[in-house]
Amino acid sequence: MRVQHDPSRPRIPRSHRGTRHRFFPVAGLDEMMSMILELTAELWVVRKRLYLLERVAGPAGASLTPNVEGYELSADEVAELEHSRRELIANVLRSIEGDQTERKGVRQEMENFGAPDTMTVTK
Amino acid sequence: MLKDLSHNLRLTPSQDERNRQEFVASLRHHILDHMATSMRNHYEQRVRPAFERANGRPPVDGNEVHDAMQAERYFRFYSSIRYNAQEMVFRSVIPVVDRNLEQLNARARAEPGNFIPDPDLAVPANVANIDVHLSPGSYHSEYDVDDVSAGAIYDNSINVFAFSQMGRDVDDVGHSFANYVRLAWPDFKPADILDAGCTVGHNTLPWAKTFPAAAVTGIDVSPGVVRYAAARACSFGLPVRFMQMNATQLSFPDESFDVVFSSMFLHELPLRDIRAYFREAFRVLKPGGLFLNMELPPNDRMEPYDGFYLDWDSYYNKEPWYKRFRDQNFRQLCTAAGFAGDRFVEAVVPRYTYTPLAEFEAAVRQSLGRDAQFDNRTGRLSEDLRWYGFGAWKQGGKS
């Protein structure tokens, strides 16, 4: 099937059909999770760009943008960025790791919201 | 670091687009490595003991583990983050495909490879009516004439999804099983090989590389992915034929192939279609030919927790037939299609392109003539991944 293209809109949909699955009994928390993850992705994009700008600025002076687009990372720089990226992810998600005392308190609070009916699935 | 695809249909994302894809790949790595380990620890330390106190026994299957885990805070976070990451895979890829659509289609038209369309073929409901894997537009939508965007979305998405754990060109499954066949049965020289449900041909081309004298054919119901597969194969200089065809209704004559292969295909099919495909595979195999499917391992031969872990996709990733397939007895599926029970074969193998050859050869030798042994590495995307495959030899011939 061919879909007629409206040039003012993206041709290919960005979202899947059907309702999004909900994992939390607390209203809004699923959406909040999405926001946090998207925010983290954007933060990474900015951090990486800043990193590249800093590397490019040294030898190239003022005209940075074309040099950033074509900059080739060395193996050490790739490793440094990989480490930095993994740290960023771990840091943003640290609130759900915690120690046992903290977990217990939060879990009790979660359970007090009642039965997890939002997790019911049709088998 | 996320590697660009290595063929002529690869896209050129901007720095920001590339970095968004790189982030999603790392996020998935974190979920399936660190978070999956933490979630198992939660289960072992708290959920299972609580279940045993309440029931006087441990959970007997993945359903009971799933029920016990649903209220767990960590499971909610794991699932929510994994679900979002899956959506973000496509959101990181589709804008790049959309922006380059005309150029991409022009490149595919210029070097189309060997593509045989079937404009009258209906896309089956299990692809058309559901956005499989949460992929917007599923795997069949077309947005232009002779469009390959469905293939480009799949190819680029799985590259992000796999976080470099499924081969340089997301082709390790094909390499692993083609080389398994080459090493396990050195006297078996297939001349005609079929890959059913091949999508963009990731795991089809390794058969042509491993058995260069063979004629290799890939089929899939989606015109966009098969058209892309043919152009992709052309870019690699491999003479593989791709056809738009439904594996449950093959148009090939009886006894056409020495090998009928599939990878990660069966778990996307309703059970009736699996049975129909198996019957067709039996029909088109030559006597002495090999039927082989790389798949997720069967539930009844795994620890309940490992079964639960793999079945996540069935509930939350728009793959509704995934668990029903994994609940089957795979040997019985083969015998119901006509294969003899004593011709059933199965193996768990390490990844060929990540493993020293001597180690891979040893794994092949150890697998022969015995039942596959499963553990929590089997089918779990990680740096220690093991693939599972099963099938049967068709009676007759020399095998």
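1. A quick definition to get going: two strands count as a pair if DSSP finds at least two bridges between them. Keep that in mind as you look at chain B of this predicted model. Strand β2 (residues 192-196) of chain B and strand β3 (residues 215-220) of chain B run parallel, with five bridges joining them. To find the spot on screen, look for B:Asp192, which sits opposite B:Ala215 in β3(B).

2. How does the chain get from one to the other? There's a helix involved: β2(B), helix α8 (residues 205-210) of chain B and β3(B) together form a right-handed β-α-β unit.

3. Now follow β5(B) onward. Six bridges link it to strand β6 (residues 285-295) of chain B, and the two run parallel.

4. Why is β6(B) largely enclosed by the rest of the structure? Because nine of its eleven residues are buried, and buried here means under 20% relative accessible area.

5. Last one: which way do β6(B) and strand β8 (residues 386-393) of chain B run, parallel or antiparallel? They're antiparallel, joined by six bridges. Check B:Glu295, which stands across from B:Tyr388 in β8(B).

Technical notes
Residues are numbered from 1 along each chain as its sequence is written. Chains are lettered from A and ligands numbered from 1 in the order in which they are written. This is a predicted model: local features need pLDDT of at least 70, side-chain atom pairs count only at pLDDT 80 or more; totals for chains, interfaces and linings use all residues. Side-chain values use heavy atoms; hydrogens and water are left out. Helices (H or I, at least four residues) and strands (E, at least two) are DSSP runs, numbered from the N terminus. A crossover is right-handed if, with the strands pointing away from the viewer, the path from the first strand over the helix to the second runs clockwise. Buried means under 20% relative accessible area, exposed over 50%, partly exposed in between (1.4 Å probe, protein chains only).
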